[in-house]
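Subject: Structure handover and notes

Hello,

Please find the structure below, followed by my notes on it. Let me know if any of the notes disagree with what you see in the viewer.

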Amino acid sequence: LVARLGSDEFAVLADTGDADALATLAQRIVEALRQPYDVGGRRCEIGASIGIALHGVDSQEADRLLQHADLALARAKADGRGTFRFYDARLDDELQRRRRLSAELRDALATNALALHFQPLMDAGSGRIVGYEALARWPHPERGWVPPATFIALAEQTGLIEDLGVWVLRAACREAARWPAPLTVAVNLSPAQFRRDGAIAEFVSVALRESGLAPERLELEITESLLMARTEPVLRALRELRGLGVSIAMDDFGTGYSSLAHLWRFPLDRVKLDREFTQSLADDAKVGVIVGSVVSMAHALGMSVTAEGVETEAQRQALAAHGCDVLQGFLLGRPAPPDRLPHQNQDEALV
Ligand code: C2E
Ligand code: CA
Ligand code: CA
């Protein structure tokens with residue numbers, strides 16, 4: 001028995017309480033839906049995630065059962081999608097914990113309790129600092145520093161990312177406007193910030209106007225996941241941003257869904273090679289070949305290349321030799337609060 005729950009959600013009622021049989025069934029559904037379809041000559045791929053709750057075990061009531069299945073579904077999606085999960089009472093605890101954390105995050109944002117740290121970006125040739133990447137920080141009163149990977153994902157799931165993103169943009173531009181030109185600031189954008197057409201360009205233009213920062217000193221970092229869906233509106237938004245005079249960098253390039261098509265179909269000024277490349281450089285000569293090739297390709301397309309995650313002198317030298325323009329990593333400077341940024345010493349040293 002199948003019932004439709006939402007535009008892309010269905011309830012399937014199975015007449016068995018045998019967990020093994022249900023697991024097999026779920027796996028078969030996932031496999032079947034994973035097969036590509038031919039739609040008018042175009043290859044289409046979809047996927048499915050499944051959450052399973054057992055009547056009589058997890059709950060007797062239909063509503064509770066659906067809620068439980070929904071929690072299990074959220075877990076299946078969080079575990080990478082295209083899979084199934086059984087409801088587990090611990091999921092409820094986790095949901096409570098996440099609800100609390102997201103309320104606290106909303107609060108932190110409202111009370112200006114988030115912080116921005118800045119990590120230096122260094123010219124590979126001269127070793128001079130050319131700018132900073134702004135990285136959001138949440139000093140939590142009880143938990144200490146919550147990693148951005150945790151709270152950014154939470155903000156994305158709860159819709160808080162738009163406000164958080166605006167806060168980051170404004171704070172980053174305000175701070176950068178106090179640095180000597182031409183130091184730049186890079187701000188990370190999450191795909192969720194592109195959901196409303198026209199919104200992101202408006203937020204960026206307000207942040208620039210408010211701070212007085214010259215647009216060419218602002219760089220926006222996007223990830224390839226943004227380019228995977230809604231190609232046309234995203235392309236439009238990127239052109240609008242470029243029209244404001246800011247530049248666009250492709251973050252974490254070379255992992256995940258990397259596609260060479262992204263490099264020519266989207267208006268990009270910079271490629272940021274994922275730190276996985278930097279880390280594997282010493283282990284495998286093939287990695288150097290890839291880095292060198294990405295650099296030549298990017299340069300030929302008029303883009304610059306930043307290498308991330310530089311932790312050793314050997315990596316720094318190898319990346320510079322491969323032609324990377326800018327380097328970033330703990331070797332060159334850790335993210336630091338705005339009153340402790342290294343360019344201050346650099347400029348003193350020059351005077
Ligand atoms: P990312 O954009 O790839 O940022 C670089 C991350 O690498 C930062 O982690 C930085 O501290 C870390 N890192 C820098 N140098 C090194 C190194 O030499 N070795 C190693 N192992 N790591 C290094 P962080 O600050 O924890 O940020 C994690 C991710 O959170 C960021 O990855 C970014 O995707 C996201 N994020 C942070 N701030 C924001 C924000 O304001 N908005 C959005 N949308 N995402 C953000
Ligand atoms: Ca980044
Ligand atoms: Ca990155």
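Donors here are N, O and S atoms within 2.8 Å of the metal, or 3.2 Å for Na, K and Ca; water is not among the atoms, so sites may look incomplete. Helices (H or I, at least four residues) and strands (E, at least two) are DSSP runs, numbered from the N terminus.

This is a predicted model, in which local features need pLDDT of at least 70 and side-chain atom pairs count only at pLDDT 80 or more, while totals for chains, interfaces and linings use all residues. Residues are numbered from 1 along each chain as its sequence is written, chains are lettered from A and ligands numbered from 1 in the order in which they are written, and side-chain values use heavy atoms, with hydrogens and water left out.

Both Asp-251, at 7% relative accessibility, and Glu-308, at 8%, are buried. The classes are buried (under 20% relative accessible area), exposed (over 50%) and partly exposed (in between), with a 1.4 Å probe and protein chains only. Asp-252 is partly exposed at 30%. Asp-252 sits in strand E12 and has a positive phi, near 50°, although it is a residue other than glycine.

Asp-251 bridges the calcium ion (ligand 3) and the calcium ion (ligand 2), and the two ions lie 3.9 Å apart. Ligand 2 is coordinated by Glu-133 (OE), Asn-188 (OD1), Glu-221 (OE) and Asp-251 (OD), at 2.1 to 2.3 Å. The spacing of these donors along the chain is E-x54-N-x32-E-x29-D. Among them, Asn-188 in strand E10 (residues 184-188) and Glu-221 in strand E11 (residues 218-222) are 33 residues apart, and the pair links distant parts of the chain. Asn-188 is partly exposed, at a relative accessible area of 29%, whereas Glu-221 is buried at 2%.

Ligand 1

Which residues come nearest to ligand 1? Of the 21 residues around ligand 1, they are Gln-119, Arg-137, Arg-275, Glu-311 and Phe-330. A residue counts as near if one of its heavy atoms lies within 4 Å. There are polar contacts (pairs of N or O atoms within 3.5 Å; within protein, one must be able to donate a hydrogen and the other to accept it, and residues adjacent in sequence count only if both atoms are side-chain atoms). For Asp-252, a polar side-chain atom is 3.4 Å from an oxygen atom of ligand 1. Of the 800 Å² of accessible area that ligand 1 has on its own, the protein covers 82%; areas come from the Shrake-Rupley method with a 1.4 Å probe, and for residues only the protein chains shown count as cover.

Strand E8 (129-140), helix H4 (148-158) and strand E12 (247-253) each supply at least two residues of this shell, and E8 gives the largest share, four residues.

Strand E7 and its partners

Strand E7 (residues 115-123) is largely enclosed by the rest of the structure, because seven of its nine residues are buried. E7 pairs with E8 in the antiparallel sense over eight bridges; pairing requires that DSSP finds at least two bridges between the strands. Leu-121 stands opposite Gly-131 in E8. The two strands form a hairpin with five residues between them, and Gly-127 in the turn has a positive phi of about 75°. E7 also runs antiparallel to strand E15 (residues 326-327), joined by two bridges, with Val-326 in E15 as the bridge partner of Asp-123.

Backbone points to check

The peptide bond from Ala-181 to Pro-182 is cis, with omega near 5°. Pro-182 is in the loop between helix H5 (161-176) and E10. Arg-81, not a glycine, has a positive phi of about 60°. Arg-81 lies in the loop between helix H2 (62-78) and strand E6 (84-86) and is exposed, at 55% relative accessibility.

Regards
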